[in-house]
Amino acid sequence: MIKKIVAVCMLSVLVFSCKKEVQKVAETKTANDSITQTEIKEDLFKPIDTACSTANKTEDYIAALQWYKAKTDKEIAVNSPEQNNSLYEDYVKIRTKYTDCLNGLHQDMLDQYTDYHTNEPDTYRLPDSVKKIAAELNKAGLEFRVMGEGLTEIHSVNRYDYAVFKNKVTPDYESYILQLANDSKENYAINGGLMITWEELGDRLIAWENFMNKFPKSPLIKKAKREYDDYLLDYILGMDSSPTYDRTEGRLMDDSKEEYSRIIKKYPNSRTAKKAKELIAAFDAHVPVDQIEDRINLRR
């Protein structure tokens with residue numbers, strides 16, 4: 001009798017143990033199936049074309065931007081710094097195209113954006129429809145940026161690209177991406193008028209000059225030189241609404257003259273200081289204003 005009871009107990013334990021194993025296998029299979037389904041769902045997602053289309057909605061562009069960001073993050077994690085340099089170039093092109101499409105899609109709203117400004121500095125009373133768009137943009141690191149003169153555009157949040165590639169690219173690329181981020185922190189100019197100070201512009205020039213001196217063999221050198229040359233043109237010859245000299249009286253403006261003295265004193269061996277000296281010398285020699293640009297030759 002005792003043997004029968006023991007046998008029955010052992011059989012019960014065995015059956016219970018088997019049930020637990022079957023349940024465990026079933027749970028594992030369900031979890032794996034769930035993961036597989038999620039991966040398949042992600043793989044099936046196809047971002048919209050970077051060519052703008054009126055058939056696309058804000059959500060379509062944001063979903064595409066998020067998909068490319070996730071894809072980029074995965075690739076960055078396993079790439080070499082040199083591979084990530086190329087990845088950065090592709091990433092920026094795609095992100096720029098989608099952002100341009102969003103600007104086109106919301107052009108009417110952007111034209112009205114400054115109408116929502118209150119009497120308080122940098123404060124806007126936005127309709128719910130605009131708030132909704134702003135919330136969508138934020139999901140992809142985008143925001144509304146008031147450029148001035150009634151102009152508003154959709155831009156990346158400052159340092160967004162830098163945060164993605166920080167410590168993941170070669171030193172020249174990291175320095176380049178960071179400087180672009182620093183430059184875009186403030187609006188530079190609008191309608192021929194400088195929106196930063198002459199001193200800030202001078203410091204940007206020195207930053208780009210330092211980059212070119214530090215990384216003379218970088219594949220980014222041409223882009224860096226283009227940035228430098230464009231800034232130097234404004235710094236020396238001025239802009240329509242921000243002149244560096246009075247064309248009528250043939251003399252340097254006081255604020256630009258003061259800035260040139262600062263840059264010459266602080267960075268005497270820089271190319272920027274050299275061009276500032278040439279401009280000062282040209283006016284001291286009473287060179288006609290219409291010959292100033294040829295005399296200095298800023299592209300040299």
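Helices, of at least four residues, and strands, of at least two, are DSSP runs numbered from the N terminus. On this basis, the chain contains 12 helices and six strands. The model described here is predicted. Of the 300 residues of the chain, 37% count as buried. The accessible surface of the chain amounts to about 18700 Å², and carbon and sulfur atoms account for 53% of that surface. Among the contacts in the chain with a separation of 6 or more, 59% are between residues 24 or more positions apart.

Several pairs of helices were examined. Helix H2, formed by residues 58-78, packs with helix H3, formed by residues 81-105, at an angle of about 170°, and the axes of H2 and H3 are 10 Å apart. Because angles over 145 degrees count as roughly antiparallel, H2 is roughly antiparallel to H3. On the H2 side, the contact involves Thr58, Tyr61, Ile62, Ala64, Leu65, Tyr68, Lys69, Thr72, Glu75 and Ile76. These residues meet Asn84, Leu87, Tyr91, Ile94, Arg95, Tyr98, Cys101, Leu102 and Leu105 in H3. By class, the contact of H2 with H3 comprises 13 nonpolar, three polar and three charged residues.

A second pair consists of helix H7, residues 171-183, and helix H8, residues 198-214. The axes of H7 and H8 cross at roughly 170° and come within 11 Å. H7 is therefore roughly antiparallel to H8. From H7, the contact draws on Asp172, Ser175, Tyr176, Gln179, Leu180 and Asp183, and from H8 on Arg204, Ala207, Trp208 and Phe211. Five nonpolar, two polar and three charged residues make up the contact of H7 with H8.

Helix H9, residues 221-237, and helix H11, residues 271-284, have axes 11 Å apart and pack at an angle of about 30°. Since angles under 35 degrees count as roughly parallel, H9 is roughly parallel to H11. The crossing of these two helices, H9 and H11, is right-handed. In H9, the residues in contact are Tyr228, Asp229, Leu232, Tyr235 and Ile236, and their partners in H11 are Arg271, Thr272, Lys275, Ala276 and Leu279. The contact of H9 with H11 divides into six nonpolar residues, one polar residue and three charged residues.

Lysine 223 also lies in helix H9. With a relative accessibility of 31%, lysine 223 counts as partly exposed, because the partly exposed class covers values between the 20% limit for buried residues and the 50% limit for exposed ones. When neighbours within four places in sequence are left aside, lysine 223 is in contact with Glu89 and Tyr176. Lysine 223 and tyrosine 176 are separated by 47 residues in sequence, while the C-alpha to C-alpha distance between them is 9.4 Å. Tyr176 is also one of the H7 residues in the contact with H8.

Positive phi values were found in residues other than glycine. Glutamate 149 has a phi near 55°, a positive value in a residue that is not glycine. Glutamate 149 is placed in the loop between strand E1 (142-148) and strand E2 (151-156). The relative accessibility of glutamate 149 is 65%, so this residue counts as exposed. Asparagine 167, likewise not a glycine, has a positive phi of about 65°. The loop between helix H6 (160-165) and helix H7 (171-183) holds asparagine 167. At 61% relative accessibility, asparagine 167 counts as exposed.

Notes
Residues numbered from 1 in each chain as written. Predicted model: local features only at pLDDT ≥ 70, side-chain atom pairs only at ≥ 80, totals over all residues. Heavy atoms only, no water. Axes fitted to C-alpha atoms, helices over the stretch in contact; angles between N-to-C directions. Parallel < 35°, antiparallel > 145°, perpendicular 65-115°, else oblique. Left-handed = near helix turned anticlockwise from the far one by under 90°. Contact = heavy atoms within 4.5 Å. Nonpolar A, V, L, I, M, F, W, Y, C, P; charged D, E, K, R; others polar. Buried < 20%, exposed > 50% of the residue type's maximum accessible area, 1.4 Å probe, protein only. Areas by Shrake-Rupley, 256 points an atom, 1.4 Å probe, with all protein chains shown as cover.
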